Amino acid sequence: IIFSVFGVAGDRVEAVWFSFTLKFVLRGLFCWARSSNCHRRFAVSQGFRELSQSVSESMAQSMASELSRTEEKQEEFERTSDFANYFCTYEYLYHQKQMLEDQRRMSAYHDAIMKNKHHFQGKVVLDVGAGTGVLSIWAAKAGARKVYGVEATKVAEHARSLVSANGLADVVEIICAKMEEVELPEKVDIIISEWMGYFLLRESMLDSVLFARDRWLKPGGILYPNQAKIFIAPVFNEESTKKNAQYQEAVQEWIGFIRRTKSKYGIDLECLTANYRNEQMDYYLQTAAWVDFSSQDVVGKPAMIYEFDVGTVQISDLLSLSMDFSCPMNSDSRISGIAGWFSVQFEGSKASPCVKPFVDLDTGPGMGYTHWGQQLFVIHPALMASRLDCFAGRVEITRRKENQRLLNVKVTYSIVNARSGNVTEGPITGKYQIQ
């Protein structure tokens with residue numbers, strides 16, 4: 001029992017507490033034995049005393065060694081560029097608060113878990129990217145026998161506090177490590193994770209979920225969510241048309257700046273003008289912007305450009321995507337940009353489906369605020385289309401070479417007359433990045 005408990009202890013503090021408790025019990029037995037005149041009992045007490053000392057010293061040494069290795073591994077991880085570019089932002093409670101305040105996000109996961117307690121009762125659950133541990137807590141409240149919440153950043157310390165404060169420390173174990181480096185003592189029945197980024201795939205956190213699926217999910221296990229879809233649609237609103245005005249204003253400000261610099265300091269910066277223009281164009285016109293569009297801003301029928309089953313998709317499937325799209329216009333309108341968003345569904349599995357109606361977390365225009373919003377890909381100058389036209393083309397999504405968690409998006413689009421099939425505008429190619 002001693003070695004089995006110690007072997008599966010996931011929380012270092014609990015293991016240390018266990019060692020001191022064991023030492024206390026064994027010393028108590030020694031004192032009881034010593035109080036008797038029975039030589040046999042005294043011999044037994046001596047054995048207990050030696051065992052107590054040996055186990056305590058062994059466990060203390062083992063725990064100190066394990067603690068040292070864990071801290072060294074965490075420090076090494078925190079020196080990586082992936083930590084600096086991505087993970088470190090999630091360490092702060094203000095960032096966690098932004099997600100916890102997202103009512104549609106919170107309600108979707110809460111409803112999906114609590115309306116399907118039959119999936120969780122008596123089961124083992126893995127929460128990938130646990131954050132503050134909210135999903136782990138809900139899984140435990142839904143009846144899970146054991147929940148492993150894996151969180152790569154130091155927010156795991158807050159998650160442990162939250163789990164304890166909610167009286168679930170005996171069920172939920174928070175593990176501070178990258179998912180790819182975790183060794184669990186058992187396979188799991190369910191994987192829950194809030195892995196979605198802007199335009200669904202930014203951040204590439206899904207990679208960790210798929211790793212966990214292949215390594216730890218039992219055959220026939222369930223993923224929450226289990227389906228995902230990506231959408232685009234042509235949009236027009238005054239806000240999106242301001243991007244070009246902001247770009248032009250930045251360029252004019254630069255022209256005035258180089259004149260003043262030459263006049264006052266005798267330094268001619270004109271040779272840098274082309275580079276500055278490119279920088280500003282990249283920022284204002286070629287970098288996707290976070291927008292919360294209304295349904296009235298959408299001027300064409302949305303097109304679902306990609307969908308996949310989280311239970312079967314492979315990482316290689318997501319590295320480079322290329323999809324055709326066609327969006328019939330709703331009315332005569334200008335088009336100043338393309339909106340991109342996603343939805344995820346909690347359907348369970350064929351063998352064990354979720355309760356209908358399935359929970360659907362849709363981040364599209366007019367569906368209500370989420371911290372994901374929609375991504376705006378600016379079209380400049382704006383196009384003119386009639387209600388008889390179709391906004392059609394091809395979307396290519398690839399990961400950026402310098403940072404695999406960010407995306408490059410290339411959209412080739414045209415205005416096509418729905419009756420004749422003739423192209424009235426285009427094809428035009430826009431290249432964007434999602435930072």
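1. The predicted model contains an open sheet of four strands, arranged in the order β9-β13-β14-β15 and paired in the antiparallel sense. At the edges stand β9 (320-328) and β15 (423-434); each has a single partner strand, so one side of each is left without a neighbour in the sheet. From one strand to the next, the twist averages 15°.

2. Within this sheet, β14 (residues 407-417) pairs with β15 through nine bridges, in the antiparallel sense.

3. Is R400 buried or exposed? Its relative accessibility is 11%, and R400 therefore counts as buried, the limit being under 20%. The side chain of R400 is joined to that of Q433 by a polar contact of 2.9 Å. When neighbours within four places in sequence are set aside, the residues in contact with R400 are L406, L407, N408, Q433 and Q435.

4. A second open sheet has five strands in the order β3-β2-β1-β4-β5, with parallel pairing. Its edge strands, β3 (172-176) and β5 (217-224), each pair on one side only. The twist here averages 20° from one strand to the next. As an instance of the pairing, β4 (residues 188-192) and β5 are joined in the parallel sense over four bridges, and I190 has I222, in β5, as its bridge partner.

5. Helix α10 (residues 206-216) lies across β1, β4 and β5, and runs at about 150° to β5.

6. How many salt bridges does a search of the whole structure find? The count is 13. One of them links E173 with K146, with the closest N and O atoms 3.4 Å apart. E173 lies in strand β3 and K146 in strand β2, so this pair ties together parts that are 27 residues apart in sequence. Both partners count as buried: E173 has a relative accessibility of 11%, and K146 has one of 16%.

7. Two further salt bridges may be noted. E203 forms one with R202, the closest N and O atoms being 3.7 Å apart; E203 and R202 are buried. R260 forms another with E253, where the corresponding separation of the closest N and O atoms is 3.9 Å. At 44% relative accessibility, E253 counts as partly exposed.

8. The last point concerns the cysteines. The structure holds zero disulfides. C327 counts as buried, with 0% relative accessibility. C354 is likewise buried, with a relative accessible area of 5%.

Definitions and conventions
Residues are numbered from 1 along each chain as its sequence is written. This is a predicted model: local features need pLDDT of at least 70, side-chain atom pairs count only at pLDDT 80 or more; totals for chains, interfaces and linings use all residues. Side-chain values use heavy atoms; hydrogens and water are left out. Two strands pair if DSSP finds at least two bridges between them. Helices (H or I, at least four residues) and strands (E, at least two) are DSSP runs, numbered from the N terminus. Axes are lines fitted to C-alpha atoms, for helices over the stretch in contact, and angles run from 0 to 180 degrees between N-to-C directions. A disulfide is a pair of cysteine sulfur atoms within 2.5 Å. Buried means under 20% relative accessible area, exposed over 50%, partly exposed in between (1.4 Å probe, protein chains only). A polar contact is a pair of N or O atoms within 3.5 Å; within protein, one must be able to donate a hydrogen and the other to accept it, and residues adjacent in sequence count only if both atoms are side-chain atoms. Contact means heavy atoms within 4.5 Å. A salt bridge is a side-chain nitrogen of Lys or Arg within 4 Å of a carboxyl oxygen of Asp or Glu.
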